[in-house]
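This report goes through selected features of a structure, one part at a time. Please keep the sequence and the 3D view open while reading.

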2 protein chains.
Amino acid sequence: MSEVYAARRTRLRERCNAGGSASALVSRPANVRYLAGAAPPGAVLLLGRTEDLLVCTGPPGDRPWDGRPDESLRVRTLPDAPAATASATAGDPAVAATGLAVTQGADSLAVEEHHLTAARHRALSSVAPHLRLADLGCAVEQLRVVKDEEEISWLRIGAEIADQALGELLESILVGRTERHLALELERRLVDHGADGPAFVTSVATGPHSGRRGHRPTDRRVEEGDFLSVCLGATYRGYRCEIGRTFVIGTSPADWQIELYDLVFAAQRAGREALVPGVACRDVDRAARQVLDSAGYEEALPPLTGHGVGLEIDEDPQLAPASMGKLDACVPVTVEPGVHLPGRGGVRIDDTLVVRPEADGGPELLTITTKELLAL
Amino acid sequence: MSEVYAARRTRLRERCNAGGSASALVSRPANVRYLAGAAPPGAVLLLGRTEDLLVCTGPPGDRPWDGRPDESLRVRTLPDAPAATASATAGDPAVAATGLAVTQGADSLAVEEHHLTAARHRALSSVAPHLRLADLGCAVEQLRVVKDEEEISWLRIGAEIADQALGELLESILVGRTERHLALELERRLVDHGADGPAFVTSVATGPHSGRRGHRPTDRRVEEGDFLSVCLGATYRGYRCEIGRTFVIGTSPADWQIELYDLVFAAQRAGREALVPGVACRDVDRAARQVLDSAGYEEALPPLTGHGVGLEIDEDPQLAPASMGKLDACVPVTVEPGVHLPGRGGVRIDDTLVVRPEADGGPELLTITTKELLAL
């Protein structure tokens with residue numbers, strides 16, 4: 001595994017060198033983990049001139065799913081910071097790493113300005129006044145977009161776990177239970193089946209809440225005749241997937257429910273079928289969106305219909321009307337159009353898929369729970 | 001309630017004016033909630049020259065525990081940001097609020113440099129090049145240290161909920177269950193009893209893990225003869241409390257377990273008894289620490305023995321050897337000394353208390369679960 005992380009750091013180093021910095025300081029946790037194999041809380045990675053260092057405030061944990069620091073990397077553990085000392089920066093790994101960059105002879109250091117706070121950025125300047133601080137921008141995030149087969153295998157396992165948790169929930173009695181309890185039960189089942197934990201806050205939305213993206217569960221109880229939308233995901237080895245389904249509670253869905261479901265299903269299928277290597281992100285979005293638009297729902301639509309997943313649940317690329325860029329093979333994305341009608345509820349259908357060439361069978365569906373409209 | 005929030009904003013405004021800024025931009029979520037009554041995701045609060053504005057990316061949620069924006073405050077909801085547009089700052093409430101500050105004639109704006117990223121700070125400078133950006137520092141955090149009786153009542157309810165959840169767990173069979181499952185069950189029980197959610201990641205530590213501060217649960221199972229340390233807390237109306245207890249599994253604790261427990265108990269009691277208005281924070285820490293020091297455990301001690309709680313679980317003040325400042329009445333703090341012996345385990349005992357004058361009965365213990373050494 002060591003070679004994987006070393007190769008990623010080499011790619012980043014090439015980008016930095018091209019940008020005029022021989023050294024880089026990576027602080028965003030998902031980026032640290034991508035390049036170092038683990039990201040203990042607060043740790044930063046220094047891509048130095050002479051060697052790379054993982055600078056931590058404590059020893060790495062012993063939970064297998066938190067990863068292990070790449071063995072080719074030197075780990076420097078700072079002594080416990082005395083709390084509330086005169087200097088707020090004592091014990092800050094970013095400050096320590098900046099000092100180490102200077103020791104290695106760096107004259108320029110690229111930092112993640114979109115992650116470091118303004119106060120920490122200022123602290124780096126003051127410990128190393130002769131060091132030029134450049135902006136690394138989202139260079140690591142860009143490296144993370146295309147996944148290798150091991151990363152995809154972890155996403156695949158996470159998707160299986162989410163499918164299992166969801167499948168079990170559907171076999172239980174739902175009427176009368178609250179959104180919050182159903183969400184907690186799903187999260188427990190994710191862990192039962194081997195997830196590191198939930199990939200994000202599980203969303204369970206009933207009745208008028210159904211179909212809302214990112215709805216946070218309330219104490220509303222499931223009632224006969226409700227739409228029930230569920231969105232959950234597992235984290236496995238740090239990789240996060242997502243599945244969303246909408247069900248109807250009771251024996252016979254109303255006509256408007258069937259119509260709305262069929263429409264969102266058609267939109268979601270159009271989005272999935274648009275996933276071919278080389279397609280523009282905005283064209284995938286448009287494929288899904290125009291199905292809903294043409295049925296008169298343009299007002300009810302979310303700003304995006306999908307996004308990348310990986311070490312974070314909401315990564316590049318975005319599938320949205322103004323997105324730039326194209327999808328490459330081996331990019332995992334969600335396709336998740338939905339319609340929410342205020343006061344009535346709505347439908348969301350959400351899959352995680354990996355873009356694959358047609359010769360390899362086309363897009364690989366990771367979340368395989370049925371998308372028929374189930375009446376529960 | 002409106003008067004409470006308006007009064008807090010008035011106090012902050014006085015501090016800003018004293019610092020030379022007539023306007024302030026508050027972005028840290030707990031600070032926004034403290035001053036505005038609610039903090040929808042991404043929202044910022046502008047303390048403007050002519051009026052105060054809560055700038056949001058979407059409508060406030062409808063979950064009662066997320067709070068409601070103070071009615072005396074104008075709420076400005078930005079249109080959905082088109083994802084991945086040319087400008088990364090379109091739709092950033094901080095950028096929009098900065099523009100509104102300029103419209104109100106501000107020439108200086110105090111911002112939270114310890115919360116805003118360097119990239120956002122730069123974006124504010126570029127939308128308002130003639131505006132002087134000052135540092136608000138931790139002014140709001142300082143206002144939050146002393147609580148009013150309503151805030152304390154919410155902490156008290158949260159502590160009752162945590163006591164209930166813990167009490168129920170102790171009645172169940174523990175041997176053979178994993179740390180992760182016990183932690184999930186505690187979190188479910190917190191919600192069952194009316195918590196908004198857990199106050200922080202519930203820690204369950206068995207055997208050699210016991211006694212570790214902030215131990216994150218693993219798949220290790222509870223065994224006969226283990227120490228079992230549990231640390232949990234409830235969030236109620238946004239306010240977070242904390243309780244930690246250590247138990248022994250099996251009928252008869254070993255001698256070393258009884259000795260270590262008695263020692264940590266004595267240290268924790270010394271810390272609790274030191275909580276009088278006007279005491280130096282470091283003296284509370286020393287009271288607890290010296291009990292452990294004098295027994296020869298100075299190496300095994302954590303960097304702090306307690307901290308404030310409130311809208312965040314780890315607030316000022318810190319109870320640590322180098323802490324400055326004194327404790328006022330109506331400051332809720334934890335007292336949580338512990339000893340962890342590598343390879344063997346250890347003991348932590350953690351309460352949330354409110355500093356009260358002796359005339360009012362002395363420190364108010366919010367977490368009332370017994371601190372006898374229970375053998376389960």
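How many residues does the contact take from chain A and from chain B? The contact takes 31 residues from chain A and 31 residues from chain B, where two residues are in contact if their C-beta atoms, placed from the backbone, lie within 7 Å.

## About the model

This is a predicted model, in which local features need pLDDT of at least 70 and side-chain atom pairs count only at pLDDT 80 or more, while totals for chains, interfaces and linings use all residues. Residues are numbered from 1 along each chain as its sequence is written, and chains are lettered from A and ligands numbered from 1 in the order in which they are written.

## How the two chains meet

On the side of chain A that touches chain B, the elements giving two or more residues are α4 (118-127) and α7 (179-192) of chain A. Helices (H or I, at least four residues) and strands (E, at least two) are DSSP runs, numbered from the N terminus. The residues on this side of chain A divide into 15 nonpolar, 9 polar and 7 charged. Here Ala, Val, Leu, Ile, Met, Phe, Trp, Tyr, Cys and Pro count as nonpolar, Asp, Glu, Lys and Arg as charged, and the others, Gly among them, as polar.

Chain A is superposed on chain B by a rotation of 180° with 0.0 Å of shift along its axis, and the RMSD is 0.0 Å. The two copies are therefore related as by a two-fold rotation axis. The superposition is by least squares on the C-alpha atoms of residues with pLDDT of at least 70 in both copies. Of the interface residues of chain A, 100% are also interface residues in chain B, so the copies meet through the same surface.

## Helix α1 of chain B

Helix α1 of chain B covers residues 2-18, and its 17 residues should span 24 Å at 1.5 Å a residue. The expected span is 1.5 Å times one less than the number of residues. The end C-alpha atoms of α1(B) are 25 Å apart, which agrees.

Which residues of α1(B) are buried? They are Tyr5(B), Arg9(B), Leu12(B) and Cys16(B). Seen down the axis of α1(B), the buried residues fall within an arc of 60°, so they line one face of the helix; the arc is that of the directions from the helix axis to the C-beta atoms. A residue is buried if 20 or more other C-beta atoms lie within 10 Å of its own, exposed if 12 or fewer, and partly exposed in between, with C-beta atoms placed from the backbone. The face turned away from the buried side of α1(B) carries exposed residues, including Glu3(B), Ala7(B) and Glu14(B). The cover over the buried residues of α1(B) includes β1 (23-26), α2 (29-36) and β5 (108-111) of chain B. Just after α1(B), Gly20(B) takes a positive phi of about 95°.

## Strands in chain A

In chain A, 3 strands form an open sheet in the order β7-β10-β11, with antiparallel pairing. Two strands pair if DSSP finds at least two bridges between them. β7 (197-198) and β11 (239-240) of chain A stand at the edges with a single partner strand each, so one side of each is left without a neighbour in the sheet. Strand β10 (residues 234-236) of chain A pairs with β11(A) over 2 bridges, and Arg240(A) in β11(A) is the bridge partner of Thr235(A).

Strand β18 (residues 351-354) of chain A has Asp351(A) and Leu353(A) pointing one way and Thr352(A) and Val354(A) the other way, and all are buried. β18(A) runs antiparallel to strand β15 (residues 332-335) of chain A, with 4 bridges, and to strand β19 (residues 364-365) of chain A, with 2 bridges. Leu353(A) stands opposite Val333(A) and opposite Leu365(A) in β19(A).

## Backbone details

The peptide bond from Asp316(A) to Pro317(A) is cis, with omega near -5°, and Pro317(A) is placed in strand β14 (residues 315-319) of chain A. In chain B, the bond from Asp316(B) to Pro317(B) is also cis, with omega near -5°.

Arg237(A) is not a glycine, yet has a positive phi of about 50°. Arg237(A) sits in the loop between β10 and β11 of chain A, and counts as partly exposed because it has 17 C-beta neighbours inside 10 Å. Cys330(A), in the loop between β14 and β15 of chain A, has a positive phi near 70°.
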